[in-house]
Amino acid sequence: MPGPIDGIAEVALWVDDVERSLEFYRDTLGLEVADYDPGHHAFLKAGPSLLVIFSRTEPNTVLAREYLARTGGPRGDVYHIALRMPTDALDLMAETLRSGGKAVKGPVEFAGGRRSYFLDDPDEHYLELTDV
């Protein structure tokens, strides 16, 4: 078997409104924009990984258009995505999100000491903010 996978390079999400999702991930959660094609897609830095948001109808990349042509539209299901952040920033982020009107569940305390908060993004992808 080839060498082991040592991380997640990127997670790509289909969204209804790229600008609305970009505002959420950039302005609300603080991710840095690596690349942006208005109305079509945005690549956002999440540590060493990328979170990519693509328009469901016109992603404007060759690979995504080929995928949509082959499949007839977006497919697949994602339960949730966990975004890691420093422990000392976790509670402040949850507090800031709540004060901005976001519904945030938590903190949820897991065995081993990990703590997380949960919320939906504008397209109802379930997000976990965690300190591990």
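Contact is taken here to mean heavy atoms within 4.5 Å. The structure is a predicted model, in which local features need pLDDT of at least 70 and side-chain atom pairs count only at pLDDT 80 or more, whereas totals for chains, interfaces and linings use all residues. Residues are numbered from 1 along each chain as its sequence is written, and side-chain values use heavy atoms, with hydrogens and water left out.

The protein chain contains three helices and eight strands, where helices (H or I, at least four residues) and strands (E, at least two) are DSSP runs numbered from the N terminus. Their order from the N terminus is β-α-β-β-β-α-β-α-β-β-β. The C-alpha trace spans about 45 × 45 × 25 Å along its principal axes. Of the 132 residues in the protein chain, 36% are buried; buried denotes under 20% relative accessible area, exposed over 50%, and partly exposed in between (1.4 Å probe, protein chains only). Among contacts between residues at least 6 apart in sequence, 44% join residues at least 24 apart.

Aromatic pairs were assigned to rings of Phe, Tyr and Trp (its six-membered ring) with centres within 6.5 Å; planes under 30 degrees apart count as stacked, over 60 as edge-to-face and the rest as tilted. By this rule there are six aromatic pairs. The ring centres of W14 and F54 are 5.9 Å apart and the planes lie at 45 degrees, so this pair is tilted. It links distant parts of the chain, with W14 in strand 1 (residues 10-15) and F54 in strand 4 (residues 49-55), 40 residues apart. Both W14 and F54 are buried. The rings of Y79 and Y126 are likewise tilted, because their centres are 6.3 Å apart and their planes at 45 degrees. Y79 lies in the loop between helix 2 (62-71) and strand 5 (81-84), and Y126 in strand 8 (residues 126-130), 47 residues apart. Y79 is exposed, with a relative accessible area of 63%, whereas Y126 is partly exposed at 26%. One aromatic cluster is formed by W14, F43, F54 and Y67.

Pockets were located on a 1 Å grid over the protein atoms alone, a pocket being an open set of points where a 1.4 Å probe fits, with protein on both sides within 12 Å along at least five of seven lines; lining residues have an atom within 4 Å of a point. Grid points are joined across faces, edges and corners, and a volume is the space filled by probe spheres set on the points. The largest pocket has a volume of about 490 Å³. It is lined by 22 residues, of which A46, G47, A82, L83 and R84 lie nearest its centre. Strand 5 gives the most to this lining, with four residues. By class, the lining has 15 nonpolar, four polar and three charged residues, with Ala, Val, Leu, Ile, Met, Phe, Trp, Tyr, Cys and Pro counted as nonpolar, Asp, Glu, Lys and Arg as charged, and the others, Gly among them, as polar.

The second largest pocket holds about 230 Å³ of space. Its lining includes W14, R56, D77 and H125, and comprises five nonpolar, two polar and three charged residues. H125 is placed in the loop between strand 7 (115-120) and strand 8 and counts as buried, at 16% relative accessibility. Leaving aside neighbours within four places in sequence, H125 is in contact with L13, W14, V15, L119 and D120.
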